[in-house]
Amino acid sequence: MKVLLDTNIVLDVFLNRLPWVTNSQAIWQACDDGKITGYLAATTLTNIYYIVRRHMNIVVARDCVNICLEAFEICEINEAVLALAHSLNGNDFEDDVQIAGATFAGLDAIVTRDRANGFAHAQIDVLSPDDLLARIA
């Protein structure tokens with residue numbers, strides 16, 4: 001199963017955000033174990049860098065980007081992806097870019113804690129961390 005991990009899933013691990021870190025770590029481990037293939041939108045890396053730098057420091061932020069590049073596949077974000085994202089007219093353009101990137105990459109699902117808001121209009125499956133973990137158990 002190929003899944004796009006929303007930014008919040010990765011940040012839960014890097015920032016040890018309770019109570020979500022446990023499920024997010026389990027999803028990351030499933031990627032490491034080959035049970036699923038984890039993808040990030042290319043734009044997610046800039047968001048991770050910015051947020052981790054604000055919460056920690058630039059060295060940790062750069063390390064987090066390197067970890068992501070080693071751990072996950074990256075969905076290309078190009079003009080076609082951005083045009084599709086723009087046409088989705090969702091409440092959050094960042095989420096629309098992730099939906100469009102996952103769609104162009106032919107992924108099976110998006111995993112997020114924000115199913116009801118930013119991803120409600122996605123044309124592919126949108127799973128909560130609990131839903132994904134139940135599917136791969």
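Colleague: What should I know about the model before reading the values?
Modeller: Residues are numbered from 1 along each chain as its sequence is written, and side-chain values use heavy atoms, with hydrogens and water left out. The model is predicted, local features need pLDDT of at least 70, totals for chains, interfaces and linings use all residues, and side-chain atom pairs count only at pLDDT 80 or more.

Colleague: How many residues of the contact of helix 2 with helix 7 are nonpolar?
Modeller: Contact means heavy atoms within 4.5 Å, and Asn 23, Ala 26, Ile 27 and Ala 30 of helix 2 meet Pro 129, Asp 130, Leu 132, Leu 133 and Ile 136 of helix 7. Ala, Val, Leu, Ile, Met, Phe, Trp, Tyr, Cys and Pro count as nonpolar, Asp, Glu, Lys and Arg as charged, and the others, Gly among them, as polar. Besides 1 polar and 1 charged residue, the number of nonpolar residues is 7.

Colleague: Which handedness does the crossing of helix 5 and helix 6 have?
Modeller: The axes of helix 5 and helix 6 come within 8 Å and cross at roughly 125°, and these helices are therefore oblique to each other. A crossing is left-handed if the near helix is turned anticlockwise from the far one by less than a right angle, and right-handed if clockwise. For helix 5 and helix 6, the crossing is right-handed.

Colleague: What kind of aromatic pair do Phe 14 and Trp 28 form?
Modeller: Rings of Phe, Tyr and Trp (its six-membered ring) pair if their centres lie within 6.5 Å, and planes under 30 degrees apart count as stacked, over 60 as edge-to-face and the rest as tilted. With 5.5 Å centre to centre and 80° between the planes, the pair of Phe 14 and Trp 28 is edge-to-face.

Colleague: Which residues are linked into a cluster by ring pairs?
Modeller: The count comes to 2 aromatic pairs. Both Phe 14 and Trp 28 are buried (under 20% relative accessible area, against over 50% for exposed and partly exposed in between, with a 1.4 Å probe and protein chains only). The cluster consists of Phe 14, Trp 28 and Phe 72.

Colleague: Which peptide bond is cis, with omega near 0°?
Modeller: Most peptide bonds are trans. Pro 19 is found in the loop between helix 1 and helix 2, and the cis bond is the one from Leu 18 to Pro 19.

Colleague: What is the phi of Asn 89?
Modeller: Asn 89 is in the loop between helix 5 and helix 6, and at 65% relative accessibility this residue counts as exposed. Phi is positive in Asn 89, a residue other than glycine, with a value near 55°.

Terms used. Helices (H or I, at least four residues) and strands (E, at least two) are DSSP runs, numbered from the N terminus. Axes are lines fitted to C-alpha atoms, for helices over the stretch in contact, and angles run from 0 to 180 degrees between N-to-C directions. Angles under 35 degrees count as roughly parallel, over 145 as roughly antiparallel, 65 to 115 as roughly perpendicular and the rest as oblique.
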